[in-house]
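Open the structure in your viewer and keep the selection tool at hand. The stops below say what to select and what is there.

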Amino acid sequence: MSDITDQNQNQKQKQKQNVPPLRAAAKTATRVPRPLTRPGGYGWVAGALLLLALPFYLDTFWLQAGLFAMAAAIGAIGLNLLTGSTGQLSMGHAFFLAVGAYGYTALAGDSEGRYTGLGLPTWLAALLAVVLTGLAGGLFSPIAGRLRGAYLGIATLALIVIGLHVIDNATDLTGGALGREVPALNLFGFGFDRSELLVAGVPFGSAEKLWYVGLALLLGCALFARGVLRGRPGRAMNAIRDHRIAAGVMGVPVARYRAAVFVLSSMYAGLAGVLLALVFQNVTPSQFGMVVSLQYLAMIVIGGLGSVGGAVVGAVFVSMLPQVLTRYSDALPLVATPGTGGVSPGEASAYLYGAAVVAVVLFLPGGLIRLVARRTTMSTSGEKR
Amino acid sequence: MSVLPPRTKATTKTTTKATTKATATALAALLALAGAAGCSSKASDAKDEGKDDAQGVRTGVGVTEKEITLGALTDMSGVYATLGKSVTQAQQLYVKQTNEAGGICGRQLKLTVRDHGYDPQKAVSAYTELEPKVLGYAQFIGSPFVAAVKKRNEDSKALIVPQAWSAALLGSEYIRVIGSTYDIETINAIDFLMKEKGVKKGDKIGHVYFEGDYGENALEGSRHMAKESGLSIVEQKIKPTDSDMSAQVAALKQAKVKAIVLSAGPAQAASLVGVAAASGLKVPIIGNNSAFAPQLLGTQAGPALEKMYFVASPSLPIGDAADGPSKLAADYAKAYPKDGLDNGVVAGWTAASTFGEALKTACKDKDLTREGVAKALRTMSAYDSGFGVQNYSEPKAPSSLESVILQPDKSAKGGATAVREAATSEAAQSFASD
């Protein structure tokens, strides 16, 4: 028995040494953000302080955009575990977001009028919504465990179609096309609702209060994912991605791992859905279409496949850019005022968004995270030019 | 078993050292921050509601000495791009004309347009962005998004005029739908079929409708009418992505319907009417106002549309000979010579001029705050923007129960002429008073 495990280990180590140079480079790249903590412990602290202080200074618009980005980041971390680290493609991420968002709404909402709800305490509802999404992922896991790559992508497409159909028709739970109001989060008597609360002279509405919830959730999710990726499961996941058969030979239960990662990834999506619902204060089917799934894929590709930081950077980029471009649409170059026949602000921001995505994919094949990583390696080795 | 190399003591030590130092800095900075927060611009941003200007007019958010800023949350790059463009241009025309005539309350109007492309996140964030800057929203396309901001808008009290006619949007003092809602419109449409197109008690009529609030609200109307007048409804639910209506026509033909109601988009109207005419199902077909666009007349279905299709609309068509429509048509064509005339122009103009009238009334009452404007609108119980009389006194009821029945007509401006003047059917009256 121990001989076999020894052999396994030997093989694993051999496999590790035999990884092609490109992959190895990518791996070091994903590790690189770590040195950032050492020379620049202050950098992290300053960043954290800045994030904590933002609600005191920023407009609700920016806070809300930031919260959308945080929710997207949580979802993207989950998808990156599945797609970036395990090599499984999922087009059904929006479906799990929807399960989380609607799950929370139905569990926490009251049964009144045409709606059905359990009226649970909101923190419990949030927790159960995440568990529920995990269960939904689990139900799909016999399929997720057996299919690989693009095949799984096609199979998960079905989830979106089914999901939207159910949302449109189970109107007592979901509110149908016009959506349903989301009960505000309430933690131990503290309500994260719209009522204003003065903190150091600054009025705190729901966006300001939720900001801290979002930060805490994102931090927790990022640390957990990092732990998974750096430990045994992460190595097994990467082995499955890089060489499924070799991983199986080395004793990694491939199907079980795939299924488990799928469940974990859906739970991340579920939590993202809960946060999204809280920020929106209303859930509607148009938030969970196919385009959303594609956006999540864009996030992890743009940010950097396989790393937690990449997912976060990509999520911020993809979810903030359209909103910021819309906001400053009047000031964009080459934009005509509507009606004069030129490029309208909305179209211009769509073009810019597309161009930015193409530019990142072309010139930063490792994703935006490489930009950060490269700069740190340069500064640590003193190669600054 | 673990392959992870153990952390060396050295690194741990330096990290902890760095951490303690960092924590100290963090604490110091946090303290400084708590003090600084007091001077954040957000803190000094006291509510400016209830400031009186030189003329004694109370003003609030979105109103300065020289300007009144209104928001327009439109869709010029998404699914409702055509509608959004017409509505926005008509509103910009209104703003331009009003400013040339001296503005309102001694102030110039300004329309801040945000194109959300029918994306929920962009729509809600555009609403949030404009909320501290504008007095109200003269346009908001996308009923799911209007519903999404409904609750927070109760706090900010900004007047919103949505470009949607779902009855679910009624009930708020600050979200005011202009004209009859889809259910009322459908009742009036079926009333027209019964009074003028020979549909009688005991007949079957087909109803092809979109999944979602628009179609389902219309369906409530036809169900009510079926109960009132002893009709039976053959329901056909479709998705907005379905554009071939052959299956629906076949089913309705088999059910031997005497007429068809359509609550869908222009593409579905063209397909439904074209296929019905080709397969010999020669019955009158009537659509809600969103189920028609003048561009359809240029398609193969054009001749059939002119013969057997009707449209129920909350306002007079742009091609009507009355003063309001003909003036608007001329002005719009002059301002935007390249763009066609459609019902979006009427809808946008009506919304902007109603908002403008509310501002004028509020100015007379010396209260140009958000609440003042909403209150002023409630006093307008018989306002005619030139396209039909509207009563805004009751937020829970649609502002009008009337519908005009149009018939597509290639030779008319805007592609349609009125075949029945604005009228309220008895059934609509009884439905509204329920």
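Begin in chain A, where helix α5(A) passes helix α6(A) in a right-handed crossing. The model is predicted. Select residues 93-108 of chain A for α5 and residues 122-146 of chain A for α6; the two pack at an angle of about 140°, with their axes 8 Å apart.

Next, show the side chains of the contact. On α5(A), the residues include A:Phe96, A:Val99, A:Gly100 and A:Tyr104. On α6(A), select A:Ala125, A:Ala129, A:Leu132 and A:Ala136, among others. The residues of this contact divide into 11 nonpolar, 5 polar and no charged.

Now move to chain B. What is the order of the strands in its open sheet? The 4 strands run β4-β3-β5-β6, and the pairing is parallel. Select β4 (108-115) and β6 (159-162) of chain B: these stand at the edges, each with a single partner strand, so one side of each has no neighbour in the sheet. On average, neighbouring strands here are turned by 20° against each other, direction ignored.

Zoom in on β5(B), residues 136-140, which 3 bridges join to the parallel strand β6(B). Pick B:Phe140; its bridge partner in β6(B) is B:Pro162.

Terms used
Residues are numbered from 1 along each chain as its sequence is written. Chains are lettered from A and ligands numbered from 1 in the order in which they are written. This is a predicted model: local features need pLDDT of at least 70, side-chain atom pairs count only at pLDDT 80 or more; totals for chains, interfaces and linings use all residues. Side-chain values use heavy atoms; hydrogens and water are left out. Two strands pair if DSSP finds at least two bridges between them. Axes are lines fitted to C-alpha atoms, for helices over the stretch in contact, and angles run from 0 to 180 degrees between N-to-C directions. A crossing is left-handed if the near helix is turned anticlockwise from the far one by less than a right angle, and right-handed if clockwise. Contact means heavy atoms within 4.5 Å. Ala, Val, Leu, Ile, Met, Phe, Trp, Tyr, Cys and Pro count as nonpolar, Asp, Glu, Lys and Arg as charged, and the others, Gly among them, as polar.
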